[in-house]
Amino acid sequence: MADSDEKSFNMKALTNRSRTVDRKPMTFWEKMYIPAIAKGMSITFGHIFKKKPTINYPEKTRPFSPVFRGLHVLNRDEEGRERCTACGLCALACPAEAITMEAAERLPSEENLYREEKYAAKYEVNMLRCIFCGLCEEACPKDAVYLSETFATANYNRQSFIYGKKDLLIPHPKLQPEEYEKAKGLRVSPK
Amino acid sequence: MHELFLVIDWAMAIEKLILIAFIVILSLVVAMYETYAERKVAAFIQDRRGPNRAGPFGILQPLADGLKLFMKEEIVPNLSNKFLFILGPGIAMLTAMMTSAVVPWSSHIVINGRNFDFQIADVNIGILYIFGVVSMGVYGVMIGGWASNNKFSLLAAIRGASQIISYELAMGLSLIALLMLSGSLSLRTIVEQQQDSIYYVFYQPVGFLIFLVCAFAECNRTPFDLSEAESELNFGYHQEYSSMKLGFYLFAEYVNMFISSAVMATIFFGGYDIPFVNDANFGQEHGQTFLAILQGASLFIKVVIFIFFFIWVRWTIPRFRYDQLMRLGWKGLIPLALVNMIVTGFIILLKQYGWHFS
């Protein structure tokens with residue numbers, strides 16, 4: 001039968017890995033099903049005692065890599081002055097148009113708050129629009145915005161997903177050193 | 001009329017009522033935690049963890065499930081037969097609960113000189129009663145399928161009903177061989193006979209196997225669950241049900257599982273008999289009450305092992321196709337049960353005549 005099939009299709013085996021299908025009728029023990037069932041059940045029983053790969057979130061979390069693109073963070077320099085100058089390059093670069101900002105002029109009394117004369121009074125990132133591509137991080141000339149390792153938590157309405165400056169700003173390195181260290185994470189800051 | 005109050009045996013009535021309430025509550029609680037056990041054991045077999053958020057280790061998960069089912073919207077299809085729609089799950093649950101009336105859960109305890117039996121009704125025809133009630137369970141499936149006004153449900157209900165009645169035959173035939181050995185249909189007598197000698201599973205291994213397979217089919221349990229399979233028949237006969245009616249159907253399946261395990265443990269594995277322990281001597285030494293409690297616990301452990309077995313098989317074997325199922329039931333199990341009966345009868349006669357052929 002196999003020969004006539006091959007001749008009618010003119011097929012030669014291309015590799016030597018093909019095997020003919022085993023069409024023998026079932027033996028008595030196979031027809032009984034019981035030995036096969038018993039074998040299967042022993043396999044499943046063994047699986048009960050294997051180690052489970054589940055991670056008990058939120059008690060344990062999987063470690064992210066340092067280049068993971070998560071939530072935005074507005075950076076400060078070593079003295080605690082905000083780096084962002086509201087130049088708008090990140091808003092221009094963003095493919096989803098998620099960033100909006102309003103600039104303001106620095107008053108002489110606020111020398112220690114902001115690095116340069118122009119700063120961002122309102123800086124808002126719409127997390128529902130953001131695609132976490134990291135182009136804003138690449139576009140920023142002042143090393144002010146970068147994407148950290150956390151991700152945006154769930155919320156009940158759309159309004160709460162528009163993260164303002166108070167949500168995004170990194171803690172002050174001088175006034176809140178532990179939180180600053182925690183928020184900095186593993187990011188290597190360019191020098 | 002006033003004489004009626006004096007004629008009724010109030011002690012027995014109250015005793016039976018308490019026992020009925022206790023056993024119904026026990027069945028429901030066990031069925032509830034069976035759902036939890038199913039999810040946990042299924043998860044462990046599949047290399048994951050199962051529900052562990054509701055309470056420590058997820059113990060309160062069945063309560064959450066029950067609450068969810070209560071809170072859902074009750075949908076009754078427009079063109080369905082309203083009376084039958086509500087009757088279907090009712091019959092399923094009723095027959096599931098009624099079977100627990102004749103199972104002996106433990107031996108007796110003595111209060112104030114009265115023997116307090118842990119069996120609701122020790123009728124002479126115990127096993128036959130169970131069969132009768134299980135046959136009525138077919139109605140639950142059929143009525144549910146018909147009243148849904150849905151072709152797929154009807155098809156699934158027909159398949160389910162035909163499956164149940166096919167496997168009932170083999171179940172009955174396998175039990176006839178057992179009855180030849182025990183000589184009595186009453187479940188308590190069967191347990192007492194097993195207390196003195198070896199468990200009947202060693203006398204009737206093939207009978208036990210047949211009964212086990214048929215119990216799987218009666219509970220609509222994988223590998224025989226094609227009447228409620230998602231991919232085959234869109235959830236089958238309980239597709240149109242929501243909220244508590246669906247809860248009743250699912251619960252009735254778990255209560256059926258529990259009762260089937262209890263019946264199997266009673267008939268083949270000695271019921272409330274504690275293995276390797278001489279129960280009468282134990283009762284003399286430590287008191288009857290303690291013995292009764294231990295015996296109840298022993299039956300419970302056997303039932304739990306069977307339930308684990310049910311769940312274990314469910315997650316190992318793929319589903320049968322309908323024609324394979326029918327072929328197994330009619331062409332496989334019934335001849336096997338008949339042969340088993342003939343061989344058992346032969347050996348019993350041989351034993352009667354002192355192992356001589358003349």
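Here are some friendly notes on this predicted model, taken one topic at a time.

1. Ground rules. Residues are numbered from 1 along each chain as its sequence is written, while chains are lettered from A and ligands numbered from 1 in the order in which they are written. As the model is predicted, local features need pLDDT of at least 70 and side-chain atom pairs count only at pLDDT 80 or more, whereas totals for chains, interfaces and linings use all residues.

2. Overall form of chain A. Along the principal axes, the C-alpha atoms of chain A fill a box of roughly 95 × 45 × 35 Å. Buried residues account for 14% of the 191 residues in chain A (buried: 20 or more other C-beta atoms within 10 Å of the residue's own; exposed: 12 or fewer; partly exposed: in between; C-beta atoms are placed from the backbone).

3. Domains of chain A. The assignment gives domain 1 (2-48) and domain 2 (72-184), with bounds from an automatic or database domain assignment. The C-alpha centres of domain 1 and domain 2 of chain A lie 62 Å apart.

4. Secondary structure of chain A. You will find seven helices and five strands in chain A (DSSP runs numbered from the N terminus: helices are H or I with at least four residues, strands are E with at least two). Their pattern along the sequence is α-α-α-β-α-β-β-α-β-β-α-α.

5. The sheet in chain A. Three strands of chain A form an open sheet in the order S2-S3-S5, with antiparallel pairing (two strands pair if DSSP finds at least two bridges between them). Strand S2 (99-105) and strand S5 (162-163) of chain A are the edge strands, each pairing on one side only. Seven bridges link S2(A) with strand S3 (residues 118-126) of chain A, and Glu102(A) stands opposite Lys122(A) in S3(A).

6. Where the chains meet. On this interface, 10 residues of chain B are in contact with 11 residues of chain A (contact: C-beta atoms, placed from the backbone, within 7 Å). Helix H2 (10-45) and helix H13 (288-314) of chain B each supply at least two residues of the side that touches chain A.

7. A hairpin in chain B. Strand S1 (residues 108-111) and strand S2 (residues 114-117) of chain B pair in the antiparallel sense over four bridges. Phe116(B) in S2(B) is the bridge partner of Ile109(B). Two residues lie between the strands of this hairpin, where Asn112(B) has a positive phi near 55°.

8. Helix H9 (residues 205-218) of chain B is mostly covered, with 10 of its 14 residues buried; among them are Phe208(B), Phe211(B) and Phe216(B). The cover over the buried residues of H9(B) includes helix H5 (126-147), helix H6 (151-182) and helix H11 (243-268) of chain B. Just after H9(B), Asn220(B) takes a positive phi of about 55°. Helix H12 (residues 279-286) of chain B, in turn, is hardly covered: the count of buried residues among its eight residues is zero. Gly287(B) follows H12(B) with a positive phi near 95°.

How values were computed: Contact = placed C-beta atoms within 7 Å.
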